[in-house]
Amino acid sequence: MFSSRYKWNLESNQLALLIDEKRRVGARILDLTESNPTRAGFDYPTKEILSALAQSAAMLYEPTPRGLIVAREAVAGYYAERGFSVDPEHIHLTASTSEAYSYLFKLLADQHQSVLVPQPSYPLFEFLAALEGVDLRHYELNYVHPLGWRIDFDSVERAITSDARAIIVVSPNNPTGSFIKLREVERLNAICVERGLALIVDEVFGDYGFDADVSRAASLVSNDAALTFVMSGLSKILALPQMKLGWIVTSGPAGLRDEAIERLDLIADTFLSVGAPVQHAAPAWLRLRRPLQDQILNRARGNLNWLEQKAEGSPLRLLRVEGGWYATLELPRHLSEEDWALTLLERDDALAHPGYFFDFSREAFLILSLLPRAEIFREAASRIFARIERV
Ligand SMILES: Cc1ncc(COP(=O)(O)O)c(C=O)c1O
């Protein structure tokens with residue numbers, strides 16, 4: 001009856017069962033998996049955000065595959081403020097970055113062709129790819145303390161088979177918080193050109209770098225060497241995932257780029273999924289981003305600094321974070337990371353994601369969201385440190 005793309009079993013794992021049980025008995029869980037910004041106590045300019053939706057221009061239906069020019073110009077303006085020149089005609093609006101991935105998989109890959117994804121990384125890849133009938137192959141990010149994470153290029157070469165179509169980069173990556181470096185872009189470009197692959201670059205956390213670093217690639221929207229698709233959207237830039245606006249910026253050698261844009265036009269025209277009120281609101285919304293981003297950056301940086309001090313001299317190691325909304329703790333390996341996560345929830349009401357949730361290739365890691373309010377973050381993390389120092 002059903003397609004074989006759906007290959008998941010819906011049984012809850014032990015951690016999910018324990019969360020349900022804790023909630024049933026009314027426990028107050030200190031949740032360090034919380035990464036929904038709209039629940040993290042930030043001060044949104046609610047009136048301005050909502051009034052931007054009530055524009056009379058939104059009463060006209062103007063179906064355009066790339067999206068309304070007012071919104072695309074606003075997106076180009078956002079990049080111009082960051083020092084990048086983007087032609088609005090090279091932008092396609094989508095309802096989200098997730099939808100942008102699905103458009104790009106439709107554009108680039110046949111059934112069971114493959115795309116390369118970083119490991120560790122974002123858990124949704126498995127679903128986004130499988131629902132398009134695309135296979136995933138992993139390349140590794142390698143951690144060297146205290147330098148941070150780097151692409152393991154041997155693993156990239158190993159993962160490229162004859163059916164490979166694209167290499168995905170997430171910068172900064174979720175959850176490692178590592179930005180792609182200019183040197184790495186050069187090597188990826190060379191590989192993509194030689195092997196006929198596209199680069200797909202997810203920059204949703206791109207505005208959340210903690211320190212300046214000249215070795216970093218701030219954005220690949222002007223990457224002309226290989227066919228490149230950069231994705232981002234308001235779910236992180238404005239911390240408004242519920243408004244559903246993302247985009248793809250296409251760049252690369254002109255002929256290839258223009259053909260890709262034309263093909264994306266047809267894919268986007270088939271769905272026309274971004275609502276008119278959201279597109280008309282985009283220019284006003286994007287102007288509101290700085291104070292919101294400052295609040296988020298201050299919260300994340302404050303939590304990270306506190307964690308750094310706490311980790312000094314403890315058996316837990318805080319891995320280097322360059323940006324984004326997460327921190328990674330490496331735990332002693334006498335318990336598995338699942339057992340650590342279960343013990344912490346069971347005994348201390350502290351919830352954090354075990355590394356396997358983000359496909360870490362070895363044990364034992366815990367991932368903490370940096371978004372919770374300082375008092376919740378510190379209390380939960382203190383319980384984690386106390387438990388781990390005791391066990
Ligand atoms: C790396 C990364 N890309 C994309 C998304 C999803 O963004 P959107 O809400 O635009 O689909 C997330 C959400 O957490 C993410 O972490």
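Ser235 puts a polar side-chain atom 3.2 Å from an oxygen atom of the ligand; a polar contact here is a pair of N or O atoms within 3.5 Å. Asn174 does likewise, with a polar side-chain atom 2.7 Å from a ligand oxygen, and for Ser98 an N or O atom of the side chain is 2.8 Å from an oxygen atom of the ligand. On its own the ligand has 400 Å² of accessible area, and the protein covers 88% of that (Shrake-Rupley method, 1.4 Å probe).

A word on provenance: this is a predicted model, where local features need pLDDT of at least 70, side-chain atom pairs count only at pLDDT 80 or more, and totals for chains, interfaces and linings use all residues. Residues are numbered from 1 along each chain as its sequence is written, and side-chain values use heavy atoms, with hydrogens and water left out.

## The shell and the pocket

Who else surrounds the ligand? The shell includes Ser96, Thr97, Tyr122, Val170, Asp202, Val204, Phe205 and Lys236, where being near means having a heavy atom within 4 Å. By type, the shell splits into four nonpolar, five polar and two charged residues; Ala, Val, Leu, Ile, Met, Phe, Trp, Tyr, Cys and Pro count as nonpolar, Asp, Glu, Lys and Arg as charged, and the others, Gly among them, as polar. Helices α4 (97-108) and α8 (234-237) each supply at least two shell residues; helices are DSSP runs of H or I with at least four residues, strands are E runs of at least two, and both are numbered from the N terminus.

The ligand sits in the largest pocket. That takes more than half of its atoms within 2 Å of the pocket's grid points; a pocket is an open set of points on a 1 Å grid over the protein atoms alone, where a 1.4 Å probe fits, with protein on both sides within 12 Å along at least five of seven lines.

Most residues other than glycine have a negative phi, and most peptide bonds are trans. Ala239 has a positive phi of about 55° and lies in the loop between α8 and β9 (246-251). The Gln119 to Pro120 peptide bond is cis, omega near 5°, as is the one from Ser171 to Pro172, omega near -5°.

Strands β4 (135-144) and β5 (148-151) pair antiparallel over four bridges; pairing takes at least two DSSP bridges.

How values were computed. A polar contact is a pair of N or O atoms within 3.5 Å; within protein, one must be able to donate a hydrogen and the other to accept it, and residues adjacent in sequence count only if both atoms are side-chain atoms. On a 1 Å grid over the protein atoms alone, a cavity is a set of points where a 1.4 Å probe fits but cannot get out, and a pocket is an open set with protein on both sides within 12 Å along at least five of seven lines; lining residues have an atom within 4 Å of a point.
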